[in-house]
Amino acid sequence: MMRIGIGYDSHRFAEGRRLIIGGVEIPFDKGLLGHSDADVLCHAIIDAVIGAIGLGDIGKLFPDTEPEWKDAVSVELLKYIVDLARMNGYAITWIDSTIITERPKLAPYIEEMKAALARTGIPLGLINIKAKTNEGMGFIGRGEGISVQAVCLLSRI
Ligand code: MG
């Protein structure tokens with residue numbers, strides 16, 4: 001039996017923050033604002049996996065009102081969710097994702113992100129990451145933040 005989940009996340013750029021995407025620190029003049037490290041790619045993938053398991057959403061499992069998750073390393077949260085899928089009898093079969101931002105250019109970091117995400121237990125060959133701009137439109141076009149869409153396919157172990 002297969003299960004599919006969809007995930008979406010967005011974070012606003014802020015001065016004085018590190019830019020962490022997919023577990024990789026990317027050199028840029030701004031970072032993303034958030035209670036955790038604001039790793040927008042990890043958060044979208046986490047929501048896709050949680051959605052496929054059927055356990056609600058990231059806010060239910062890791063409330064941003066909890067001091068425990070302050071400055072949390074999101075790849076570690078993803079590892080927790082990957083383990084949770086396995087404990088619920090599911091193996092990750094495929095993850096696809098799209099990062100949408102005007103800047104910085106992310107293509108040079110995609111392989112490094114895949115390797116970082118693979119350290120959570122998702123096999124390296126089962127993760128795809130795409131990056132694109134929003135053609136100058138909307139909040140992304142104005143450079144106010146980054147959004148990510150992700151899907152996850154699970155199969156029964
Ligand atoms: Mg988030």
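This is a predicted model: local features need pLDDT of at least 70, side-chain atom pairs count only at pLDDT 80 or more; totals for chains, interfaces and linings use all residues.
Colleague: Which residues coordinate the magnesium ion?

Modeller: Look along the sequence and you'll find the donor residues spaced D-x1-H-x31-H. The contacts sit at 2.2 Å, through OD of the aspartate, NE2 of one histidine and ND1 of the other.

Colleague: Is Asp-9 buried or exposed?

Modeller: Buried means under 20% relative accessible area. Asp-9 has 16% relative accessibility, so this residue counts as buried.

Colleague: And where is Thr-101 found?

Modeller: Thr-101 has a relative accessible area of 5%, so it's buried. Its partners beyond four places in sequence include Phe-13, Lys-132 and Ile-146. As for its place in the chain, strand E5 (90-100) lies on one side and helix H4 (110-118) on the other, and Thr-101 is in the loop between them.

Colleague: How many disulfides does the structure hold?

Modeller: A disulfide is a covalent bond between the sulfur atoms of two cysteines. For Cys-42, the closest cysteine sulfur is in Cys-152, and at 13 Å that's too far for a bond. Cys-152 is in no disulfide either, with the sulfur of Cys-42 as its nearest. The number of disulfides is therefore zero.

Key:
Residues are numbered from 1 along each chain as its sequence is written. Side-chain values use heavy atoms; hydrogens and water are left out. Donors are N, O and S atoms within 2.8 Å of the metal (3.2 Å for Na, K and Ca); water is not among the atoms, so sites may look incomplete. Buried means under 20% relative accessible area, exposed over 50%, partly exposed in between (1.4 Å probe, protein chains only). Helices (H or I, at least four residues) and strands (E, at least two) are DSSP runs, numbered from the N terminus. Contact means heavy atoms within 4.5 Å. A disulfide is a pair of cysteine sulfur atoms within 2.5 Å.
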